Amino acid sequence: MAWLSRPLTLVGLVILAHGCYSAHEHTVLSSTSVQHPTSPSATSLPLDIYIETIAATVLICLGLVLGSGAPQPIQWHTWAGKIEREGDAGSGDADKETLGNPFNALEARSGFININKLHKDFVKYQQLGK
Amino acid sequence: MPSLLLRPHASLSHAEALQVAQQAPEILRKNPASYSASPLFSLFSPPESSNTWTIYENLLLACLRTGDNTTARQCLERLVVRFGGSDERIEALKGLVKEAEATNDGELEKVLKEYEEILAKDNTNVPIAKRRIALLRAMGKTAESIEALVQFLDFSSTDAEAWMELADLYLSQGLYAQAIYAQEEALTIAPNAWNLHARLGEVLLMAAESGSEGNPQNYLAESLKRFCRSIELSDDYLRGYYGLKRVTDKLLAANSKGKKPSESDEFTLPETSTIEKLNQAATKKLGDIVRKYDAKDPLWQGYDAGEVAAARTYLSESSQKVLR
Amino acid sequence: MSEQELQINPIVQDSVAHNTKTLTNLHSLTASLFGVGAGILGLESYYGFLFYIAFSITTSVLFYIFQLAPSSLAEGRGVLDSGRYYKGALELWTSGIFNGLPGFILTWTLFYGLVRA
């Protein structure tokens with residue numbers, strides 16, 4: 001659904017700009033026209049401009065809502081369950097700081113990494129692969 | 001795939017580490033060797049984020065793991081250019097590279113000496129202190145390593161990572177009571193870490209199975225509670241449910257043998273009917289998880305393939321037992 | 001929620017901040033947009049504010065329908081229950097109205113002036 005966001009917003013903005021222009025032209029024309037010098041121009045916009053503006057507003061609004069990004073669950077167990085179920089794919093945004101379970105670092109213990117053992121294991125793993 | 005690059009390196013499998021290491025030359029080529037503070041240059045170079053440096057660090061570790069020391073050196077150089085050679089974390093990484101390049105115990109001893117010199121000047125240098133402990137452990141001096149770690153925890157008692165390392169060290173020595181204590185300390189620092197709850201449950205289960213010290217029933221009861229807490233904190237937590245099933249199976253087997261749990265126990269076991277219910281819930285959930293994972297449901301693919309396989313075999317084993 | 005319940009079922013503060021930010025961003029963006037609309041239509045006094053309140057609530061409803069409802073209903077919650085993502089129902093339905101009001105008035109007066117002048 002998110003891909004609809006930009007096109008909808010763009011189309012809405014174009015329609016809104018058109019509505020704005022029409023309203024402006026209308027007031028300019030009616031204030032200079034000689035036929036109705038007495039009618040108050042401010043209250044009598046044509047119906048189609050009303051419809052155009054409101055439709056454009058709803059369109060842009062819809063576009064912005066669709067593009068606003070998914071909210072995250074706030075209950076700890078739902079949030080954690082989502083991470084467990086979906087893994088890295090679930091977090092969605094690429095710009096997020098943490099991926100997967102943020103407490104995995106405590107079990108991985110990068111500060112105490114034993115690089116030589118890892119390397120030896122890796123060599124063994126490669127020999128097994130061959 | 002950037003997510004592999006950002007995960008803590010030690011949690012990667014060998015295949016994943018290889019994948020990361022193979023990306024290293026390309027990432028090094030794509031990113032500039034140094035980031036200029038001038039706004040004019042920053043217009044033309046890729047943006048610098050905190051992730052950039054996490055990625056470099058993980059690349060460094062992956063290259064060392066796969067034995068590509070020259071690329072590792074390049075990553076280290078970038079980090080040195082950015083943060084300076086005397087930064088605590090960079091010093092630790094430098095030491096790590098030296099450790100990886102050392103070919104015999106004599107050279108490792110030399111690296112250890114260097115660590116000790118740095119610590120003599122500034123004994124609050126956390127990354128170096130951790131490297132020293134890790135190196136002692138790697139060289140097989142477990143007792144010294146435990147001693148150093150206990151000292152380290154005296155002044156830095158809120159370091160959950162260090163408590164977990166201590167628990168692991170004790171566990172490798174078979175000292176379950178101490179391992180459990182260290183693990184509980186880590187949990188007081190991170191009370192909502194569901195994987196630590198499950199890990200403590202596993203250690204307690206191991207302690208009960210070894211049966212060397214204390215009352216195994218107590219360990220089982222405590223383990224049951226830990227697994228329950230871990231799944232209370234995280235829906236659909238495969239590891240938690242797996243542990244829960246194992247513990248309840250054990251407890252039910254013990255009960256059916258007619259061993260009465262002594263009343264004076266510190267940890268009172270719940271009713272047998274409750275344990276049975278928990279067991280059934282765990283079986284059902286494990287079945288669900290395995291089925292959904294196998295059905296390639298896109299929302300259920302976060303599990304580790306090995307863990308799912310273990311759950312599958314355990315489930316089929318226990319269902320065979322029921323059939324008999 | 002009592003202290004004990006919070007200990008048993010903690011709240012993820014990061015998610016709360018993320019959700020509030022999403023909603024605030026959405027409301028400030030749309031509020032300026034409604035100002036443009038109200039200015040073009042040349043609304044005055046109460047009609048302008050009524051226009052704003054009506055559209056703000058529409059935005060909240062749209063946000064609920066498209067972003068919250070699918071997973072919220074799947075979890076077995078009732079219709080219009082936002083408990084999965086927001087601590088209080090008011091936070092979702094009314095907080096946006098006050099957040100966006102200054103932005104609305106700004107663009108409303110601006111476009112009123114532009115179109116009518």
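**Helices, domains and a chain contact in a predicted model**

Good morning. I begin with two helices of chain B: α14 (residues 238–256) and α15 (residues 272–294) have axes that come within 8 Å and cross at roughly 140°. Axes here are lines fitted to C-alpha atoms, for helices over the stretch in contact, and angles run from 0 to 180 degrees between N-to-C directions. Helices are DSSP runs (H or I, at least four residues), numbered from the N terminus, while strands are runs of E of at least two.

This is a predicted model, in which local features need pLDDT of at least 70, side-chain atom pairs count only at pLDDT 80 or more, and totals for chains, interfaces and linings use all residues. Residues are numbered from 1 along each chain as its sequence is written, and chains are lettered from A and ligands numbered from 1 in the order in which they are written.

Which residues make the helix contact? Among them are Leu238(B), Tyr241(B) and Leu252(B) of α14(B), and Ile275(B), Leu278(B) and Ile289(B) of α15(B). Contact requires C-beta atoms, placed from the backbone, within 7 Å. By class, this contact of α14(B) with α15(B) has eleven nonpolar, five polar and four charged residues. Ala, Val, Leu, Ile, Met, Phe, Trp, Tyr, Cys and Pro count as nonpolar, Asp, Glu, Lys and Arg as charged, and the others, Gly among them, as polar.

Asp236(B) lies in the loop between α13 and α14 of chain B, and has a positive phi of about 55° although it is not a glycine. Most residues other than glycine have a negative phi. Is Asp236(B) buried or exposed? Asp236(B) is buried, because 23 other C-beta atoms lie within 10 Å; the cut-offs are 20 or more for buried, 12 or fewer for exposed, and partly exposed in between, with C-beta atoms placed from the backbone.

Next, the whole of chain B. Its domain 1 covers 1–36 + 47–83 and its domain 2 covers 200–258 + 268–324, with bounds from an automatic or database domain assignment. The centres of these domains, taken over C-alpha atoms, are separated by 38 Å.

Finally, how do the chains meet? The contact takes 47 residues from chain B and 37 residues from chain A. On the side of chain B that touches chain A, α8(B) gives the largest share, six residues. That side of chain B divides into 25 nonpolar, eleven polar and eleven charged residues.

Methods:
Two residues are in contact if their C-beta atoms, placed from the backbone, lie within 7 Å.
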